[in-house]
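Hi,

Here is the model I promised to pass on.

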2 protein chains.
Amino acid sequence: MKKLDESLLTNLPPFRKLDRSQIRQILDAATPVRINAGDAFFDQGDTAEKFFLLLDGHIRVVKMTPDGEQVIALHIASGQLFGIAAGLGKATYPATSVAADECLALYWPNVMWDRFVATYDGFATETYKVVGERLDEMNKRIVEMATQQVEQRVACVLLRLINQAGRKVPDGIEIDFPITRQNISDMTGTTLHTVSRLLSAWEKSGIVASKRSKVTVTEPHQLVLLSGATG
Amino acid sequence: MKKLDESLLTNLPPFRKLDRSQIRQILDAATPVRINAGDAFFDQGDTAEKFFLLLDGHIRVVKMTPDGEQVIALHIASGQLFGIAAGLGKATYPATSVAADECLALYWPNVMWDRFVATYDGFATETYKVVGERLDEMNKRIVEMATQQVEQRVACVLLRLINQAGRKVPDGIEIDFPITRQNISDMTGTTLHTVSRLLSAWEKSGIVASKRSKVTVTEPHQLVLLSGATG
DNA sequence: GTCCCAGTTTGCTCCACCGCAACAAGCGAT
DNA sequence: ATCGCTTGTTGCGGTGGAGCAAACTGGGAC
């Protein structure tokens, strides 16, 4: 197997403070894995024996309810660690990680987690900072779900997505991975029908442009107003 | 100031693995603080310069929306750390911690966090296990809010509360801190009216008994059925 | 090209829930 | 006791958005 390039890691938060030889060691312990859109790195309930770093692509973290409904808990963008359940004391993965598009990741066996934390100064701090951010984001979502109506929630989700995975294009900012109305409804706790109606309306107002499995925001500012941001 | 008793800490997860002299050191660095029901240890947005351990009482972690609505993110029971924002890389507290009843807590300045993590083996692990559990709980709530209707959500919240702060009494399990319909609605994203109606109905069915600011569950099993647990 | 299917659009009906309003019931203070 | 304030109860109308159903569309497989 050919060696992985060190530059993959040097600029990512968890590894930023490390020197070349340390990065080398970490990379040599890693296993690369590539999966297609729609496939999963692991399923909810699997014993958590690895943790991952997403190098390229986008992941949907999906929770299934006992009666078959699914909720998208969050998205992972490239450069982020995921599947770190074990580092937080969980024996099994709490959700399924589905590739939104073609994904490339590295993984390490769990034993490496403690080694990384112990050996590489700053790894723990940087990592838990990421956890803090996720906590924050989930908190925001709970507040949204509790206080806002569907239109505002959908607007919030779109704004969050263009922040996390937005790509500038001539006519606005597009979400650079495939995303269906169903997906958006799974993120906002509504139905694909309602999302479709909203996007149609917004398209008429010139706020967004959307094709099949693709959304582009042309007037982010308008969306901010709709999202119910007070001030 | 008289010395704090070591037995306060010995059985709590973050300190379980430590010996007497270590516990002594930790206690000597702590400042005790007592507040009344309704008061707050800190407010959302305050610079996070301390972290706390709740010794007695119950805390509501409350988030305010820009337009004045409030959402109860979670409850803290005695024995738990809280206000650990700084340990997760946040500069300010993300929410307000309001005492549900009279509360007694210890606090340490932030600098002690890194010291604890570095000095006391297992402190970090145990602590992040707690964070993992909170992440999990919040995840569950997001799924609930996204998929279930009000009746099920309220049932879930009551079940969660009797698990976290239930006290066995002759006629069932009571939530052993004051809690209003408004509070319950702030947890479930509904209105106090709807909660009142639900509790009235459940009281008629003999599932719960409630007085002003007090709820007792007499038939937990019935509540589980209502909560929509499939199986 | 044609078929097929996942994704989307749109209309219509219905009901869970919100929002208002008015009232009742505790509980503390004086 | 009387007042005042917080908390709880209940009725009623309006509506946001879910839950059907039916039709359309674009893109990939062949």
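Two salt bridges turn up across the interface of chain A and chain B, a salt bridge being a side-chain nitrogen of Lys or Arg within 4 Å of a carboxyl oxygen of Asp or Glu. In a salt bridge, the side chain of B:Lys90 meets that of A:Asp136, with 3.4 Å from N to O. On the chain A side that touches chain B, the elements giving two or more residues are strand 4 (70–76) and helix 4 (123–147) of chain A; helices (H or I, at least four residues) and strands (E, at least two) are DSSP runs numbered from the N terminus. Helix 4 of chain A gives the most to that side, 15 residues.

Before you go further: this is a predicted model, where local features need pLDDT of at least 70 and side-chain atom pairs count only at pLDDT 80 or more, while totals for chains, interfaces and linings use all residues. Residues are numbered from 1 along each chain as its sequence is written, chains are lettered from A and ligands numbered from 1 in the order in which they are written, and side-chain values use heavy atoms, with hydrogens and water left out.

Back to the interface. 29 residues of chain A are in contact with 28 residues of chain B (contact means heavy atoms within 4.5 Å). The two chains bury about 2,900 Å² between them, 73% of it on carbon and sulfur atoms; buried area is the accessible area (1.4 Å probe) that two parts lose on being put together, summed over both.

As for symmetry, chain A superposes on chain B by a rotation of 180° with 0.1 Å of shift along its axis (RMSD 0.0 Å), fitted by least squares on the C-alpha atoms of residues with pLDDT of at least 70 in both. That is the relation of a two-fold axis. Both copies use the same surface, as 97% of the contact residues of chain A recur in chain B.

Now the DNA. DNA strand C has 18 residues around it, the closest being A:Ser196, A:Arg212, B:Val150, B:Thr190 and B:Thr194 (near means a heavy atom within 4 Å). B:Thr194 has a polar side-chain atom 2.4 Å from a phosphate oxygen of DNA strand C. For B:Arg197, a polar side-chain atom lies 2.9 Å from a base oxygen, and for B:His193 one lies 3.4 Å from a base nitrogen. Helix 7 of chain A gives the most to the surface near DNA strand C, with five residues.

Cheers

Definitions and conventions
Polar contact = N/O pair within 3.5 Å; in protein donor to acceptor, adjacent residues only side chain to side chain.
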